[in-house]
Amino acid sequence: MAGGIFITLEGGEGGGKSTQARKLAEALTARGHEVILTREPGGAPGAEAIRKLLVEGAGNRWDGLTEALLHTAARRDHLVKTVWPAVGAGKTVISDRFFDSTIAYQGYGHGLDIAALRELQRVAIGDFKPDITLILDLPARVGLARAHVRGGTETRYESMAVAFHERLRQGFLEIAADEPKRCRVIDADHDIDTVHAAIMSAVTTFLGKR
Ligand SMILES: Nc1ncnc2c1ncn2[C@@H]1O[C@H](COP(=O)(O)OP(=O)(O)O)[C@@H](O)[C@H]1O
Ligand SMILES: [Mg+2]
């Protein structure tokens, strides 16, 4: 897709994705980028309606495959309505989560077949992928404690067992190891400004190579 840049932030609960996505958006706007800050599940009206089904309610509300299908349906709507038009118009799109979360949560977390999940992504979105993915890594318990303090109603995934969150952490690290060109692991177990500096260093290096 010509012109624009697609940046994604990934990682477990409470890693600081939403906080860092906002700070990255501000920093790139200050550098002259036309930034669209968006998120998954969500980022378009239909996808936001699906979001409510996924992030609220009981942990066992959906089985793993249903969850993956809902996320993937929301993702396609997000791409069609928001991401593809913006990237096509040369904008810098920053998404708080994207398809790596489906592989990590439903694949490594719930144990669904990862090859099948990748095939599902291919059917839904083709070979489109982020230009750069920042994986915010920290111990699951540290992130869950932060998320608990944050509060709110979007606690469905947080309510799942710590072992689930540890599995998806390992999943994100394996994804990063498999795709070192696209993915950068950021140590998120530091204060907000330190993590932001690490993200800016990774993104600046990436932009310099384009
Ligand atoms: N580096 C950090 N150190 C301590 N607290 C943080 C840090 N980054 C974010 N937080 C706080 O932790 C909570 C979760 O952060 P958030 O950005 O919502 O994480 P995520 O979007 O990855 O779930 C928020 O209350 C946020 O203010
Ligand atoms: Mg968040």
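Q: Which helix gives the largest share of the shell around ligand 1?
A: This is a predicted model, where local features need pLDDT of at least 70, side-chain atom pairs count only at pLDDT 80 or more, and totals for chains, interfaces and linings use all residues. Residues are numbered from 1 along each chain as its sequence is written, and side-chain values use heavy atoms, with hydrogens and water left out. Helices (H or I, at least four residues) and strands (E, at least two) are DSSP runs, numbered from the N terminus. Three residues of the shell, its largest share, come from helix 1.

Q: Which elements give two or more residues to the shell around ligand 1?
A: The space that ligand 1 takes is the largest pocket. Two or more shell residues come from each of helix 1 (17-30) and helix 6 (140-150).

Q: How do the residues of the shell around ligand 1 divide into nonpolar, polar and charged?
A: Here Ala, Val, Leu, Ile, Met, Phe, Trp, Tyr, Cys and Pro count as nonpolar, Asp, Glu, Lys and Arg as charged, and the others, Gly among them, as polar. The shell divides into one nonpolar, seven polar and five charged.

Q: Which residue has a side-chain N or O atom 3.4 Å from a nitrogen atom of ligand 1?
A: Let's go through the polar contacts (pairs of N or O atoms within 3.5 Å). Polar backbone atoms lie 3.2 Å from a ligand oxygen at Gly-15 and 3.3 Å from a ligand nitrogen at Ile-192. The side-chain atom at 3.4 Å from a ligand nitrogen belongs to Arg-146.

Q: Where does helix 3 bend?
A: Helix 3 covers residues 64-88, and Gly-90, with a positive phi near 85°, follows it. The bend, an angle between axes fitted to the seven residues ending at a residue and the seven starting there, is about 50° at Leu-79.

Q: Which peptide bond is cis, with omega near -15°?
A: Look in the loop between strand 2 (35-39) and helix 2 (45-55), where Pro-41 is found. The cis bond runs from Glu-40 to Pro-41.

Note on methods: Chains lettered and ligands numbered in written order. Polar contact = N/O pair within 3.5 Å; in protein donor to acceptor, adjacent residues only side chain to side chain. 1 Å grid on protein atoms, 1.4 Å probe; cavity = no way out; pocket = protein on both sides within 12 Å on 5 of 7 lines; lining within 4 Å. Sits in = over half its atoms within 2 Å of the grid points.
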